[in-house]
Amino acid sequence: MRYRLTFIAGLALGYVIGTRAGRERYEQLKKSARQFAQNPAVRNTAESAAQSGRDLAGKAYHAVSEKVGKKVPAPVADRVRSLRDRGRGRNGEDDWGTSNT
């Protein structure tokens, strides 16, 4: 009985210490991920990749619609149009202040 009680106490103590250390490591990883995401170089690269994707989607849509004609479903056309227009400002400019056309 004494060994069982000692074992349970050691198990409980190990669990508490382990979870506290695990939580601290989780908070440390979360902080470093937040700092990485807020880095201007990372943000610019992500925005450039998103803009390139929108441009390529628009080009692909136009290439396919020329071959297929009017058979492109309206929901697909609307989705591509919304993706293409997402990066543009109210006056037809993208986030960098240059025209996308």
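**Exercise 1.** Why are Arg23 and Glu27 separated by about one helical turn?

*Solution.* Start with where they sit: Arg23 and Glu27 are 4 residues apart in helix 1 (residues 2-37), so about one helical turn lies between them. Here, helices (H or I, at least four residues) and strands (E, at least two) are DSSP runs, numbered from the N terminus. Next, a bit of background: an α-helix has 3.6 residues a turn, so residues three or four places apart point the same way.

Before going on, a word on what you're looking at. This is a predicted model, in which local features need pLDDT of at least 70 and side-chain atom pairs count only at pLDDT 80 or more, while totals for chains, interfaces and linings use all residues. Residues are numbered from 1 along each chain as its sequence is written, and side-chain values use heavy atoms, with hydrogens and water left out.

**Exercise 2.** Work out which residues are linked with Glu27 in a network of salt bridges.

*Solution.* Step one is the rule: a salt bridge is a side-chain nitrogen of Lys or Arg within 4 Å of a carboxyl oxygen of Asp or Glu. Step two, take Arg23: its closest N and O atoms with Glu27 are 3.0 Å apart, which makes a salt bridge. Lys30 and Glu27 are 3 residues apart in helix 1, about one turn of the helix. Put together, Arg23, Glu27 and Lys30 form a salt-bridge network.

Now check how covered they are, using the cut-offs buried (under 20% relative accessible area), exposed (over 50%) and partly exposed (in between; 1.4 Å probe, protein chains only). Glu27 has 31% relative accessibility, so Glu27 counts as partly exposed. Lys30 comes out at 35%, so Lys30 is partly exposed too.

**Exercise 3.** Is Arg54 buried or exposed, and which side chain does Arg54 meet in a salt bridge?

*Solution.* First, find Arg54 in helix 2. Its relative accessibility is 11%, so Arg54 counts as buried. Others buried in helix 2 include Gln51, Gly58, Tyr61 and Ser65. Then look for the partner: Arg54 and Glu47 meet in a salt bridge (3.1 Å, N to O). Glu47 is partly exposed, with a relative accessible area of 24%. Across the whole structure, a search finds 3 salt bridges.

**Exercise 4.** Check whether the length of helix 2 (residues 40-68) agrees with its number of residues.

*Solution.* The expected span is 1.5 Å times one less than the number of residues. With 29 residues, helix 2 should therefore span 42 Å. Its end C-alpha atoms are 41 Å apart, which agrees.

**Exercise 5.** How many helices and strands does the chain have, and where is confidence lowest?

*Solution.* Count the elements: 3 helices and 0 strands, running α-α-α from the N terminus on. Of the 101 residues, 11% count as buried. The chain averages 78, and 82% of the residues score at least 70. Confidence is lowest in helix 3 (residues 74-86), with a mean of 74, and highest in helix 2, at 86. Where pLDDT is low, the predicted coordinates should not be read in detail.

Methods. pLDDT is the predictor's confidence in each residue, from 0 to 100.
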